[in-house]
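Hello,

Here is the structure we talked about. Please open it and keep it beside you while you read my notes.

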Amino acid sequence: MKTLLPRKFLTVSSLALLVGMSAAFAQAPATPQAAAAQDAANENKPLVAPESPARKQQVMPESFADLVEQVSPAVVNITTTATVSSPIAGGPQLPEGSPFSDLFREFGFPGFPQGQGGPQAEQRSNALGSGFVVSADGLIVTNNHVIEGADEIEVEFFSGKTLPAKVIGKDDKTDIAVLRVESKEPLPFVKFGDSDHSRVGDWVLALGNPLGQGFSASTGIVSARNRALSGTYDDFIQTDTAINRGNSGGPLFNMDGEVIGVNTAILSPNGGSIGIGFSMASNVVSKVVQQLEEFGETRRGWLGVKIQPVTEDIAESLGLADAKGAMVTDVPTGPALDAGMKAGDVITSFAGGEVKDPRDLVRRVADAPVGEAVDVVVQRDGKPVDLKITLGRRELAEGGDAAKSGKSGDESPSKVMGMSVVELTPALAAEIGIPGDSQGLVVRDVDPEGAAADKGLAPGDLITEAGQQPVASMADFTARIDEAKKAGRKSILLMVRREGEPRFVALPIS
């Protein structure tokens, strides 16, 4: 059997270097394109692609050279410098917390900084990345991981000019940072395009500083859209354009010379490009950049709910026509609770627009203005309910505790729907690590070939609701099943909590 190499998502900034490494942008000679770029900057106009029949017809151009020459003056190389500590070779190595390390520090033994177990040498570490100018007054966009922890940041332009930069703001959730440089003359800049208009198969151009080799261009197509890697607000454009370490923060252009993505990560088993690169979509980046420029931080809307997807069986159990929307699993203290939202509601509309799924809702809530009231429609008991919710700010009010209620009961196990359950007692609550006043049915055992196992239930799970009604005993559970059968349902919706986290599961009644 062929052994597959492990897949790895890698950010595409260059590896840090312990020795100074000169940025490798080639000195660009004065050209008519450079003069035109400066004229555009003086007039506060963004650089755009030159007119060509190929661009109008959306066919493969004979060359990308005109586009590269037009937008390259706005692309920059970013060099960061940081001070790092590393053990001195041959020096005494002491365990962390050793009284001897404290003694050496107290009497000034060189190389013993606070918290280290042996002598340390401070060294200057350089790292390389890319970025692009988005305003004539020196606003530059790059990746947060390019400048994270940097003591000094230097920006080198395509012309060879270098300027120091300072951080205006950064957002680790989208891995975006905004820098500013002070220039005596206006700088050539580019503008964001609408990434939602990009289509799979469209031609794209990536510019940057791969592997510290200097200014470089690569082309390819949009391979996929709306990719999610690991972040809450991920909306990546996947491309086969060659992207390598050092391309981090560089722009991904469409054929109109507009930035539709910021090159951020690659999928690779060996650290090099294999044609699977990811650029954060411009429609996400542009909003982050606007907030970072204005406030120095992000200010995202916060609804105050925990949600999960609406599956086909959940939709059937609730009598919904389509498996769309976002199902509310918990409503901690916050804006949604204040407006009357309940666990078990299905959010189908937000601010006048249909909610497709939880990811769609999260992005739209984040983009909504903080402190403003929005119209939200939920499906509850088979009917639409209109709510008006004043959004909070996520950065200030994330989190919340699950709701709790209380009653204990008998510990006689009962078998139902492919599992053995028992009524919760204070002793059982202590055993599974939940408050003693909680109520529900504890899953003791699961038939590996039963419906409960198919839906992911496991011993220790706590069932708190069935058919969107609380259950505290086996009699409650049986009654809810009978009600679902009489209503003609093929499945019943359960609220299941595991380690405090709620989720809904639809189990077939048969």
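E395 is partly exposed, with a relative accessible area of 32%. Keep in mind that this is a predicted model. E395 forms a salt bridge with R300, and their closest N and O atoms are 3.9 Å apart. E395 sits in helix 10 (residues 394-397), while R300 sits in the loop between helix 6 and strand 14 (301-302), so the pair ties together parts that are 95 residues apart in sequence. Is R300 buried or exposed? R300 has 7% relative accessibility, so it counts as buried; the cut-off for buried is under 20%.

D171, E297, R299, R300, R393 and E395 are linked in a network of salt bridges. The structure holds 23 salt bridges.

Now look at K306 and E501. Their side chains meet in a salt bridge, 3.2 Å from N to O. This pair links distant parts of the chain. K306 is in strand 15 (residues 306-309) and E501 is in strand 28 (residues 501-508), 195 residues apart. K306 is partly exposed, at 22% relative accessible area. E501 is partly exposed too, at 46%.

K45 forms a salt bridge with E43. The closest N and O atoms there are 3.3 Å apart. K45 is partly exposed at 45%, and E43 is partly exposed at 49%.

**Helix 1**

Which residues of helix 1 (residues 32-42) are buried? They are A37, Q38, A40 and A41. Seen down the helix axis, these buried residues fall within an arc of 155 degrees, so they line one face of helix 1. An α-helix has 3.6 residues a turn, so residues three or four places apart point the same way. Just after helix 1, N44 takes a positive phi of about 60 degrees.

**The cores**

In soluble globular proteins, nonpolar side chains tend to be buried together. The largest nonpolar core here has 32 residues. V141, V190 and F253 have the most contacts inside it. Elements that give two or more residues to this core include helix 1, helix 3 (65-71), strand 4 (139-143) and strand 12 (259-267). Helix 6 gives the largest share, 5 residues.

What does V190 touch? Leaving out residues up to four places away in sequence, V190 touches P46, L47, V71, A74, F132, V133, V134, F253 and V259.

Best wishes

Key
Residues numbered from 1 in each chain as written. Predicted model: local features only at pLDDT ≥ 70, side-chain atom pairs only at ≥ 80, totals over all residues. Heavy atoms only, no water. Buried < 20%, exposed > 50% of the residue type's maximum accessible area, 1.4 Å probe, protein only. Helix = DSSP H or I, 4+ residues; strand = E, 2+ residues; numbered from the N terminus. Arc of directions from axis to C-beta. Core = buried A, V, L, I, M, F, W, Y, C linked by side-chain atoms within 4.5 Å. Contact = heavy atoms within 4.5 Å. Salt bridge = Lys/Arg side-chain N within 4 Å of Asp/Glu carboxyl O.
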